[in-house]
Amino acid sequence: MLLGRNELLPRLFEYVYRNAEKIFVAVRTTEKAREFSEPLPYPLAYSVGGMHSMLISWAESGMTVPSSALIAQLKAGIQSPEL
């Protein structure tokens, strides 16, 4: 809520967008990043945009879903053996 109130969500989005590949490598591996190097920027951009929209929606709804439950739902929804 503080990020929204202080109009910092766009800055968070820009930072994550610029560093999405580094974050991908930290979460997955350098090898996976190399394996998907050509198409990787597109799903990363899609994911960052979705995360940004989700955060805005969550904050605007008063964060009624506990963060732990939201993270568990997100993890379950994005598990992919290919990435």
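Leaving aside its neighbours within four places in sequence, which residues is His 52 in contact with?

## His 52 and its partners

Setting sequence neighbours within four places aside, His 52 touches Leu 9, Pro 10 and Phe 13. This is a predicted model, and in it His 52 sits in helix H5. With a relative accessible area of 17%, His 52 counts as buried, because the cut-off for that label is under 20%.

## How H2 meets H5

Let's zoom out to the helix pair. H2 covers residues 9–18 and H5 covers residues 41–60; their axes come within 10 Å and cross at roughly 160°. So H2 runs roughly antiparallel to H5. The crossing of H2 past H5 is right-handed.

On the H2 side, the contact uses Leu 9, Pro 10, Leu 12, Phe 13, Val 16 and Tyr 17. Facing them from H5 are Ala 45, Val 48, Gly 49, Met 51, His 52, Leu 55 and Ile 56. Sort the residues of this H2–H5 contact by type and you get 11 nonpolar, 2 polar and no charged.

## The chain as a whole

Now for the rest of the protein chain. It has 6 helices and 0 strands, so the order from the N terminus reads α-α-α-α-α-α. Along the principal axes, its C-alpha atoms fill a box of roughly 40 × 25 × 15 Å.

Of the 83 residues in the protein chain, 14% are buried. Among contacts with a separation of 6 or more, 58% link residues 24 or more positions apart. The chain exposes about 6500 Å², with carbon and sulfur atoms supplying 60% of that area.

How values were computed:
Residues are numbered from 1 along each chain as its sequence is written. This is a predicted model: local features need pLDDT of at least 70, side-chain atom pairs count only at pLDDT 80 or more; totals for chains, interfaces and linings use all residues. Side-chain values use heavy atoms; hydrogens and water are left out. Axes are lines fitted to C-alpha atoms, for helices over the stretch in contact, and angles run from 0 to 180 degrees between N-to-C directions. Helices (H or I, at least four residues) and strands (E, at least two) are DSSP runs, numbered from the N terminus. Angles under 35 degrees count as roughly parallel, over 145 as roughly antiparallel, 65 to 115 as roughly perpendicular and the rest as oblique. A crossing is left-handed if the near helix is turned anticlockwise from the far one by less than a right angle, and right-handed if clockwise. Contact means heavy atoms within 4.5 Å. Ala, Val, Leu, Ile, Met, Phe, Trp, Tyr, Cys and Pro count as nonpolar, Asp, Glu, Lys and Arg as charged, and the others, Gly among them, as polar. Buried means under 20% relative accessible area, exposed over 50%, partly exposed in between (1.4 Å probe, protein chains only). Accessible areas come from the Shrake-Rupley method with a 1.4 Å probe; for residues, only the protein chains shown count as cover.
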